[in-house]
Amino acid sequence: MHHRAWPLTCALLIAASVALWLAGISGHVVPQHWLWHADFWPRQPWTLWTGPLLHFLGAHLAGNALALAALAVLGAALHAPRADALALLLAWPLGTLALLAWPAVGGYYGLSGPVHAAAAILALRALQAPATRWLGLLLAGGLLIKLALERGWAVPVGFDSGWGFNVVFAAHLSSAAVGAALALALQVVGLLASPRRHAPPASRRF
């Protein structure tokens, strides 16, 4: 069970996105109530979670779901621990909240944010073991090159001709950064807690 948390977390995100898509096309969901808006989110706080799950095109959902499924398999192969799964769960809303750093971003939807967070978390995981360090370098290098080409810090939103709609590049950057920061923070917490967990019980004198 210890190493199932990562693929189960990825599966949860994919399943929730598919469920929201099906609810949308069947008319049971009003997208504006689930889309994250920079101005309205304090009155609709659930959109921090539902915004990344929302898709308007089936191809968009399929692309993001396939990317996250591939990262689920990779994380299982790397034996990503529960701390990495927790980092991904926390990056899901916090990566969206970090978009407030870009006033030009008025709204956001799509699973690409959590996908980039998952990639950053697994890159750090792979870098820690000598046997998988080459994979970590490839994953981290590819992610950094993609983020550098997108220039999300300077061009937070840009039109993607491949998708035919505006893409929030800042969401890729914010989620990757938040995911990496959370993964590192949880590792530090785990290291600090480990000595206390394994310390022998104090001797008692009578």
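**Pockets of the predicted model**

**View 1. Residues around the second largest pocket.** The second largest pocket is lined by eleven residues, and those nearest its centre are Pro-81, Ala-83, Leu-186, Gln-187 and Gly-190. Here a pocket is an open set of points, on a 1 Å grid over the protein atoms alone, where a 1.4 Å probe fits, with protein on both sides within 12 Å along at least five of seven lines, and lining residues have an atom within 4 Å of a point. Helix H4 (82-97) and H7 are the elements that give two or more residues to this lining, and H7 supplies the largest share, four residues. This is a predicted model, in which local features need pLDDT of at least 70 and side-chain atom pairs count only at pLDDT 80 or more, whereas totals for chains, interfaces and linings use all residues. Residues are numbered from 1 along each chain as its sequence is written, and side-chain values use heavy atoms, with hydrogens and water left out.

**View 2. Space in the largest pocket.** The largest pocket has a volume of about 450 Å³, a volume being the space filled by probe spheres set on grid points that are joined across faces, edges and corners. Its lining comprises 26 residues, of which His-60, Asn-64, Ser-112, Val-167 and His-172 are the closest to its centre.

**View 3. Elements that line the largest pocket.** Among the elements that each supply at least two residues of this lining are helix H3 (58-77), helix H5 (112-127), strand E4 (165-168) and helix H7 (169-198); helices (H or I, at least four residues) and strands (E, at least two) are DSSP runs, numbered from the N terminus. H3 gives the most, with five residues.
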